[in-house]
Amino acid sequence: MRTFDAIIIGAGQAGPSLASRFNDAGETVAIIERKHVGGTCVNTGCKPTKTLVASAYAAHLARRGAEYGVVLDAPVKIDMPRVMRRAHQVTLDSRHGNEKWLEGMKNCTLIRGHARFEDGKTIRVGEDVLTAPRIFLNVGARAAIPDFPGLKEIPFLTNSDMVRLDRAPDHLIVIGGSYIGLEFAQMHRRFGAEVTVIEKGPHLVGREDQEISEAIRAVLEAEGVKVLTGADRLSFSKNARGVAVHVNGVDIVGSDVLLAVGRRPNTDDLGLDRAGVETDARGYIKVDERLATNVAGVWALGDCNGKGAFTHTAYNDFEIVAANLFDGADRRVSDRVPGYALYIDPPLGRVGMTETEARKAGRKILVGRLPMDRVGRAVEKGETQGLMKFIADADTREILGAAILGAGGDEAIHGVLDMMNAGAPFDQLRWAVPIHPTVSELWPTVVLGMRPAEPPAP
């Protein structure tokens, strides 16, 4: 048996950074990874998908060249093997960089294999047995595979398969109308595929306000993506042309099906029961505000704890744990302001509450809106789809949330995120002197136009 000061299971976004803190403190740490260092973000998430999104954007912009006075002599062609090689290289560079970083830590041991608990302080990796007083789980999540009728009888794709697909499908049917599904839907439409999105809920990206969801739908449909919402009675069967999806009494036939209906944590094969670590009904590890489990000396970080399903929340989990362990801090999950982005084009940047959430919380709210066709930078770029939306408490002047669906929205939203982290009232935006021409310069205009929220439509 080998003894360490700490054991980290999983080398995603939180694990290597936490290993570095232990290493710098002169404490020994083992980090165990059963597949690829870097986790979802590096290998099947952010790195490859956003690289593919960039290639799809280049193709889309090239097709629009004449609008900008740039005339091409021939139609735009897509070399999918080359597109995929570029994405794969970005992934490899990042993965190898993480591996080199870990291997260069004097007090860190990188172990390859499948880790399982023997008890609350002991981990087995094959024939290797390790023990430590502190154990951290950073095991991530994977695509959820629902039990749809006929699904086991057909070939289907997940996000992990899509980032290795070196061809554009003839007709891609996407099951699920949220982040992952919509990014791949628009991307492959721009690569030349026919695309149909099927969503069970009444709107795309169901956590967003309806007006944002409908604006997203308009963006996709303008590019020829077919969208079907309110889907029920979903089933699958083989077809001579590929796969048939039976939904709402209609058959939709495509060459490929992408399942993008959610994620499930990688917690079912860790032997958590042997350690006594509790999970919820969906398999997420239960943690407190400081990310500690019910077992003393065991923490869970990243996607597996259900506190956030993004790379940045996983990294923030590391920051919380590291600050509490090494810096004498008392940081908590509830301290962070939630924010995320949807990387379609134009992107959606979101922070804090939606209007719907604010209403449910019983807040008296002010709402400001501005269509992107009134934003100078968007007009200059020829990218005027979408809108800005701002939510504030009418009594306290507290910023409750904001969204930008539009050019640069994923970057411009950070101005509001920073103000929310600083606890600044929305009035501060009125006095800002923003740079021109930018998307962010219109936030003061949105704030000045804020009005009491109208009652929701019946």
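Reader: Two strands count as paired here if DSSP finds at least two bridges between them. With that settled, how many bridges join strand S14 to S15?

Author: Five bridges join S14 (residues 242-247) to S15, and the two strands run antiparallel. Keep in mind that this is a predicted model.

Reader: Noted! Which residue in S15 does valine 247 stand opposite?

Author: Valine 250 in S15 stands opposite valine 247.

Reader: And what sheet do these strands belong to, in what order?

Author: An open sheet of three strands, ordered S13-S14-S15, with antiparallel pairing. On average, neighbouring strands here are turned by 25° against each other, ignoring direction.

Reader: Let's switch to the five-stranded sheet. Is its pairing parallel or antiparallel?

Author: Parallel; the sheet is open and the strand order is S4-S3-S2-S8-S18. Strands S4 (108-112) and S18 (298-300) are at the edges with a single partner strand each, so one side of each lacks a neighbour in the sheet. Neighbouring strands of this sheet are turned by 15° against each other on average, again with direction ignored.

Reader: How many bridges hold S8 and S18 together?

Author: Three, in the parallel sense, with S8 covering residues 134-137. Isoleucine 135 has valine 298 of S18 as its bridge partner.

Reader: Which helix packs on that sheet, and which strands does the helix touch?

Author: Helix H1 (residues 15-24) does, touching S2 (6-9), S3 (29-33), S4 and S8. The direction of H1 makes about 165° with that of S3.

Reader: Is H1 mostly covered, or mostly open?

Author: Mostly covered, with eight of its ten residues buried. The buried ones are Gly15, Pro16, Ser17, Leu18, Ala19, Ser20, Phe22 and Asn23.

Reader: What do those buried residues pack against?

Author: Strands S2, S3, S4 and S8, plus helices H4 and H9 (311-326).

Reader: Tell me about H4 then. At what angle do H1 and H4 cross?

Author: Roughly 20°, and their axes come within 10 Å; H4 spans residues 80-103. Angles under 35 degrees count as roughly parallel, so H1 is roughly parallel to H4. The crossing is left-handed.

Reader: Which residues make the contact?

Author: From H1, Pro16, Ser17, Ala19 and Ser20; from H4, Asn98, Trp101 and Leu102. By class, the contact has four nonpolar, three polar and no charged residues.

Reader: What about the backbone just after H1, where does glycine 26 sit in phi?

Author: Glycine 26 takes a positive phi of about 80°.

Reader: Last topic: S19. Which residues lie on each face?

Author: S19 covers residues 339-342, with Gly339 and Ala341 on one side and Tyr340 and Leu342 on the other. All four are buried, and both faces of the strand are covered. As a general rule, side chains in a regular strand alternate between the two faces of the sheet.

Reader: What joins S19 to S20?

Author: A hairpin, running through five residues. S19 and S20 (residues 348-352) pair in the antiparallel sense over four bridges.

Reader: And what is the bridge partner of leucine 342 in S20?

Author: In S20, leucine 348 is the bridge partner of leucine 342. Leu342 is also one of the buried residues of S19.

Technical notes:
Residues numbered from 1 in each chain as written. Predicted model: local features only at pLDDT ≥ 70, side-chain atom pairs only at ≥ 80, totals over all residues. Heavy atoms only, no water. Axes fitted to C-alpha atoms, helices over the stretch in contact; angles between N-to-C directions. Contact = heavy atoms within 4.5 Å. Parallel < 35°, antiparallel > 145°, perpendicular 65-115°, else oblique. Left-handed = near helix turned anticlockwise from the far one by under 90°. Nonpolar A, V, L, I, M, F, W, Y, C, P; charged D, E, K, R; others polar. Buried < 20%, exposed > 50% of the residue type's maximum accessible area, 1.4 Å probe, protein only.
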